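Please keep the sequence and the model in view while reading.

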Amino acid sequence: MLATAQTFTLDGIGARPVRVEVDVHRGLPGFSLVGLPDAAVREARERVRAAISNCGFEFPLKRIVANLAPASLRKAGPGLDLAIATALLIASGQLELGKLPPLALVGELALDGSLRPVRGALAIAEEARAMGLAAIVVPAENGREAALVEGVDVLALEGLAQLEALADGGWRPERPQPMSFCPQPGEGYADLADLRGQRHLRYALEVAAAGGHSLLLVGPPGAGKSLAASRLPSILPPLETAEALEVARIASACGALGEDGIGRRPFRAPHHTVSPAGLIGGGNPPRPGEATLAHRGVLFLDELCEFHRDTLEALRAPLETGWVSVARAGATRRLPCRFMLVAASNPCPCGRGEADPECECPPLSVRRYQARLSGALADRIDLLVAIRQPAAEEIGGPPGESSAAVRERVAAARARQHRRLGEGRCNAEMTPAEVRECVLEDDAAALLAEAYSRRRLSGRAHDRVLRLAQTLADLACANAIGREQIAQALQLRRRDGE
Amino acid sequence: MIEPSACPSCLRRSRLLAHLAPYIEKIATGAPGSRSPELLRLSDEELAAAAAPKVAEQVLARVRAVPERLLFADLLAAECWACCRHDALYPAGLRDAADAPAALIGRGDPSLLARLLPDGVVTVVGARRSTAYGREVARDLGRELASAGFVVASGLAFGIDSCAHRGALDAGLTVAVLGCGADLAYPAAHRSLWRRICEEGLVVSELPPGTGVWRWTFPARNRIMAALAGMTVVVEAARRSGSLITADLAADLGRDLGAVPGPVNSRASAGPNDLLAGGACVVRGAQDVLDAMLGAGARQLERAGPRLDERLRSVLAGLESGAETCDALAAALDFEAGEVASALATLEALGYVRCSLLGVYTRTLLSPPSI
């Protein structure tokens, strides 16, 4: 006898529908699984066999063939277990789903028949709704996440045994409470008030957040580079609902979605030994990398000079486009990655800096080290902040301004940018044509022209200064860029070998 | 145009040095820096016998067998000229040294050789391992001396040397003395600087084109730098460094010796501070060099910058008292970060400060008007 069940497999950060067909007929007892399963899917046979017999059902001693359609799509992960078991129970006449509306099933089976959570439940629920399915069966632990999707019934089950009760029509689990949005913007982040003193650093963080500019922090170890970077998400404006769902979908697909709600901007800090695939995504089927996990948040590259060159090279195109294209045999996936880049580096290999008499780094190695700060990736960085060890009075002094106060100013500056450039865009993304449209006061234009004509600025740096100055003007709520803003931008910009 | 010339025997001497380079390296490495100038004082035969006793005859025979035509063809092929001690253009300062090179081989406009008189050349040397302070001073010295009409000689090395060259190129003439053939850029990272000096100044060496560097060739070229100039200024150098060899050689020749004072706890300034303690001229800027070479007060450098307002003056004062980043200045002066940022950018535009690639500011030697 033949039976089918609908399920999904994860592909990148999206879900792809998979139809499980199970045929049970007479012959030598056996269980074969076809349709491009990966190792985890192939092992489903053992889990399904044990779960069925441990739940009071009978595992048929017949020839069983399970096919996962479409056969050309690679299936990954243990989320197909539940659908295979269900189809098998229907095919062997032990279960009847006829009374239920068309539904899809996802979930990993434990040997005792209980359900374990899967990755990407949010994307799966969205895809189920797009397919027009009435309901989706998910493991109880994924219930709150799947319930974020309106318009599809979410049936959160504890185990395979509950499926029988559901099929009889007598029992229906309550729709789980959808996962909460962060009630207050900025809640749950480390607060900027922890950064004491260091007002230039605070000021640069505010400018970077206001215009979405990428940032390079240079200073000795322990001066507060990581502390500053990790506070950046807290001063960014809160996420829109659609953006929050987008971020949650990515986190869910990577199993990084916490229990405490969605709507927070991510902060990712990969170690410098990360591989190109780990950073921008890879594998087959493609899995998102750190860049995608940092979507709409902050990607922090500590010890920028220690990263492998090819890893950083791989990040170039995604930084420009906001997309990662992962091409693998079979298909190419586009993964979103619109993040703010924050990089940090020591001034020299030993970290003390050349000015320190203790620094023993030979000149050539300092040169090589710093050359990496003007490489391909660094070209995309707008701001440079030299950090120093804060003085004792500062460390022991009163806490700095809180994130909430800074965030208000940042949000106001962003609102001005949205009015000028269009919804969701910021100054860092201005095209050269848009940069030309910036309004400058006369003495501001004169100062910029002078810096440019003395060849202290390259053409690229000229535009960088204008973008920064526009952000400074937005922060000051000024309609035109003034001399003060150009001067500050000239100071804040990252310098290359101009 | 005046063409420099060289006689075949002098060119053969430079070939001999190239041939003997590995042997000299072997005996000179025991006491780096000290012995090679002594060796270079010897005649061809003595030198060959001293450096390579086993193969002296063969080496000498090989060098003598090089046809005259080939000696000059090689120079042409490397786009170099040569000027030997029998030529009128040969720098007068070198004639004072007992171990002066037989011939100078170089690139650039050879008519500039006429300007290499000891009274008109200042050698600015220093360590490769330098601080932002030293590099700033070297650049400024180079620029001011060049604009005052001096030729600035240095060794094209990392750190102080290259900054002195760059500063001089901004305002006048510079000469690079190399420890390899004049057609090679060493270190390779300074290829573009080397090219600029070839075009706008002079690159010279005592070794034939194509000769690579050896450890002994650096102290050897130091003796040329010392002899070329009327005054040698050491900007930054650790104790036991090549720059101090140059200083010693200059003192031996009876030339003026200057040193730029630095922090007493800085390793990079230990060398010049020692020289100062030993009686070298204090060099706080190009004016001190002018005073030493031309007599005190003989010429005044014009060096006051544009006027500054109250805020810029206090930021400048903050920088002079040790704060070197925006952050440190904002904390020290209790200014808003934005205020400091724009003040620094303005000061940089006016030429009072300079910013490194890593955002660290240094003060230039430009002083504000006193009113």
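How many helices and strands does the secondary structure of chain B come to? Chain B comes to 16 helices and 11 strands, where helices (H or I, at least four residues) and strands (E, at least two) are DSSP runs numbered from the N terminus. This is a predicted model, in which local features need pLDDT of at least 70 and side-chain atom pairs count only at pLDDT 80 or more, while totals for chains, interfaces and linings use all residues. Residues are numbered from 1 along each chain as its sequence is written, and chains are lettered from A and ligands numbered from 1 in the order in which they are written.

**Chain B as a whole**
- The C-alpha trace of chain B spans about 75 × 45 × 35 Å along its principal axes.
- Of the 371 residues in chain B, 56% are buried (20 or more other C-beta atoms within 10 Å of the residue's own; exposed means 12 or fewer, partly exposed in between; C-beta atoms are placed from the backbone).

**Domains of chain A**
- Chain A is assigned domain 1 (2–168), domain 2 (192–420) and domain 3 (430–498), with bounds from an automatic or database domain assignment.
- The centres of domain 1 and domain 2 of chain A, taken over C-alpha atoms, are 40 Å apart.
- In chain A, 13 residues of domain 1 are in contact with 16 residues of domain 2 (C-beta atoms, placed from the backbone, within 7 Å).
- On the side of domain 1 of chain A that touches domain 2 of chain A, β1 (2–11) and α4 (121–131) of chain A each give two or more residues, and α4(A) gives the most, with three.

**Helix α6 of chain A**
- Helix α6 (residues 161–168) of chain A has Gln162(A), Leu163(A) and Leu166(A) as its buried residues.
- These residues lie on the same side of α6(A) because they cover an arc of only 105° around the axis, the arc being that of the directions from the helix axis to the C-beta atoms.
- The cover over the buried residues of α6(A) includes α3 (81–91) and β9 (153–157) of chain A.

**Chain A against chain B**
- Contacts join 33 residues of chain A to 31 residues of chain B.
- On the side of chain A that touches chain B, α20(A) gives the most, with six residues.

Definitions and conventions. Contact = placed C-beta atoms within 7 Å.
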